[in-house]
Amino acid sequence: MIGWLIRLIVSLLDLLRGVLASAVGESAGKAVERLSWKISGTHKIQRISSSYKGLDKMRRIEGCFVNSNHQELNNFRDYTNVSELSAVLIKVKEIVASKDPEFIARIDTTFHPVCEINKLTKEATTLKRTKYDTDNEEHEMTLLSLWNSLQPERELDNRISDAWGDIGFQGTDPATDFRGMGILGLQNLHYLAKYKKTGAKLLAASNHPLYGFSLAITSINLTAVLMQMLESGPLRSHFYYKCCHGGSRSLTLKDLHETHCSILADFVKFYQDRKPASIMEFNTHKAAYTEVLKEKLLSDTPLLEAVE
């Protein structure tokens with residue numbers, strides 16, 4: 001009975017802390033937080049760690065970081081190393097390891113997916129900011145490999161060519177279309193073309209007589225949607241499952257490329273199912289799809305379906 005009452009009081013104090021921090025100021029919020037800690041002997045993150053599991057636990061913990069009165073925890077997405085994030089939390093919350101050894105034992109597995117998603121986000125952002133360079137041999141070879149993968153029986157007549165339009169680029173030089181998403185846009189499209197059977201299917205779908213679209217440009221557009229969802233938060237839930245399903249593992253750029261393939265294929269089905277009157281409606285349907293995708297990612301089943 002006493003334990004139940006303490007948990008109730010602590011829950012009410014957690015709620016009061018948030019209200020006072022917003023209405024009065026951080027000092028009032030911290031005062032309530034200290035009182036909650038004195039009554040329960042633990043901080044909210046410790047209680048979440050022991051009371052919740054899986055995706056629900058990660059979402060609640062990240063919510064604590066976002067709403068924390070400590071700037072170091074607000075910036076939790078800057079941390080790619082579990083030990084560094086753990087050390088910051090223990091320091092700012094003044095957690096005594098001997099008083100909660102079970103939390104200390106769980107801390108690595110609790111923060112592993114958070115830091116893995118942070119690391120993947122940073123890697124993707126770096127590629128996004130890397131401009132396509134026509135003097136870079138690796139960039140040029142990847143672009144040529146993209147052509148060969150989508151047009152295996154057709155030799156490209158020239159590096160600067162109208163033929164690029166046949167796989168969905170806007171002009172004669174694809175390099176100009178990668179300006180918004182940088183090398184990330186190229187790598188996502190290349191991965192789709194070279195390693196997924198879906199690439200050829202989507203190219204065929206792009207030539208539909210009524211509901212066609214430009215495959216390369218659509219891929220780049222959906223890369224932008226992917227990054228928007230990753231940076232703003234909703235896509236983190238999908239990558240949590242990627243990281244933790246079947247046991248803890250690291251995330252790589254392959255996981256990002258696979259996710260792009262899933263989103264692109266899902267969008268193409270969405271777009272063509274809606275039977276647009278013309279390609280001029282593309283942005284309207286893309287905006288509608290973005291909301292549908294966001295709702296999916298914020299649900300209890302955010303894992304996107306893989307494609308072949």
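Leaving aside neighbours within four places in sequence, which residues is isoleucine 167 in contact with? Contact here means heavy atoms within 4.5 Å. By that rule, isoleucine 167 is in contact with Leu146, Trp147, Leu150, Gln151, Leu203, Leu215 and Ala216.

This is a predicted model, in which local features need pLDDT of at least 70 and side-chain atom pairs count only at pLDDT 80 or more, while totals for chains, interfaces and linings use all residues. Residues are numbered from 1 along each chain as its sequence is written, and side-chain values use heavy atoms, with hydrogens and water left out.

Start with the whole chain. The protein chain has 14 helices and 0 strands. Helices are DSSP runs of H or I with at least four residues, strands are runs of E with at least two, and both are numbered from the N terminus. Of the 308 residues in the protein chain, 49% are buried. Buried means under 20% relative accessible area, exposed means over 50%, and partly exposed lies in between, with a 1.4 Å probe and protein chains only. Among contacts with a separation of 6 or more, 64% join residues 24 or more positions apart.

Now go inside. The largest nonpolar core holds 78 residues. Such a core is a set of buried Ala, Val, Leu, Ile, Met, Phe, Trp, Tyr and Cys residues joined through side-chain atoms within 4.5 Å. Phe65 and Leu146 touch the most other members. Not counting residues up to four places away in sequence, Phe65 touches Ile45, Leu73, Asn74, Phe76, Leu85, Leu89 and Phe111.

Return to isoleucine 167. Isoleucine 167 sits in the loop between α8 (137-150) and α9 (182-195). Isoleucine 167 is buried, with a relative accessible area of 2%.

Next, look at a helix pair. Helix α7 (residues 101-129) packs against helix α12 (residues 235-244) at an angle of about 115°, with axes 9 Å apart. Axes are lines fitted to C-alpha atoms, for helices over the stretch in contact, and angles run from 0 to 180 degrees between N-to-C directions. On the α7 side, the residues that meet α12 include His112, Pro113 and Val114. On the α12 side, Phe239 and Tyr240 are among them.

Finish at histidine 257, in helix α13 (residues 253-273). Is histidine 257 buried or exposed? Histidine 257 is buried, because its relative accessible area is 8%. Beyond neighbours within four places in sequence, histidine 257 is in contact with Gln187, Asn188 and Tyr191.
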